[in-house]
Amino acid sequence: MGYAFSDVICLKCGVRQGGVLSPVLFTVYVNGVIKALSVSVYGCYFHSLFVGCIMYADDLLLLSPPLCDLQLMIDICCGELEKIDMSLNVGKSQVVRIGKLHARKVNSVVINGSPVEFLLT
């Protein structure tokens, strides 16, 4: 049985794309974001279960009935991510409003001072 070794790769930031440990390491890094959101009073709950934050890979979905609470949740995320030298990408972020008043003019939701795009449903 033969053995092969690859060249040494120096990672200075983030986790290796496609690496076996990458999902686990990423989860360890962002777990603080989910914990901080779950102990806040913001977001959606199903009975006593917090469902205001859904994460799949590196995508984050925040659910909040009032828009002002959504802004507070975003601020919590930004603060927690800043601790681990990460940030939200405002260019890849969007707000979707659902309900009878979804098209009503409201204040902007911002990420680090930049407004987030509203999608009309």
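A salt bridge is counted where a side-chain nitrogen of Lys or Arg is within 4 Å of a carboxyl oxygen of Asp or Glu. The structure examined here is a predicted model, and a search of the whole of it finds one salt bridge. In general, side chains of opposite charge can pair when their charged atoms come close. The bridge joins the side chains of Glu-80 and Lys-83, with an N to O distance of 3.0 Å. Both partners belong to helix α2, where Glu-80 and Lys-83 are three residues apart, or about one turn of the helix. Lys-83 is exposed, its relative accessibility being 63%.

Cysteines were examined next. A disulfide is a covalent bond between the sulfur atoms of two cysteines. The search of the whole structure finds zero disulfides. For Cys-68, the closest cysteine sulfur is that of Cys-44, and the 13 Å between the two sulfur atoms is too far for a bond. Cys-77 is likewise in no disulfide, and the nearest cysteine sulfur, in Cys-53, is 6.2 Å away. The cut-off for a disulfide is 2.5 Å between the sulfur atoms. The surroundings of the two residues were also compared. Cys-68 is exposed, with a relative accessible area of 52%, whereas Cys-77 has a relative accessibility of 0% and counts as buried.

Backbone angles were then considered. Most residues other than glycine have a negative phi. A positive value is found at His-47, which is not a glycine and has a phi near 55°. His-47 is placed in the loop that runs between β1 (45–46) and β2 (49–50). The relative accessible area of His-47 is 72%, so this residue is exposed. Asp-85, also not a glycine, has a positive phi of about 60°. The loop that holds Asp-85 lies between α2 (67–83) and β5 (94–96). Asp-85 is exposed as well, with a relative accessible area of 66%.

Rolling a probe the size of a water molecule over the atoms shows where empty space is left. The second largest pocket has a volume of about 180 Å³. Its lining is made up of 13 residues, and those closest to the centre of the pocket are Arg-97, Arg-104, Lys-105, Val-106 and Phe-118. By type, the lining of this second largest pocket consists of seven nonpolar, three polar and three charged residues.

Methods: Residues numbered from 1 in each chain as written. Predicted model: local features only at pLDDT ≥ 70, side-chain atom pairs only at ≥ 80, totals over all residues. Heavy atoms only, no water. Helix = DSSP H or I, 4+ residues; strand = E, 2+ residues; numbered from the N terminus. Buried < 20%, exposed > 50% of the residue type's maximum accessible area, 1.4 Å probe, protein only. 1 Å grid on protein atoms, 1.4 Å probe; cavity = no way out; pocket = protein on both sides within 12 Å on 5 of 7 lines; lining within 4 Å. Points joined across faces, edges and corners; volume = space filled by probe spheres on them. Nonpolar A, V, L, I, M, F, W, Y, C, P; charged D, E, K, R; others polar.
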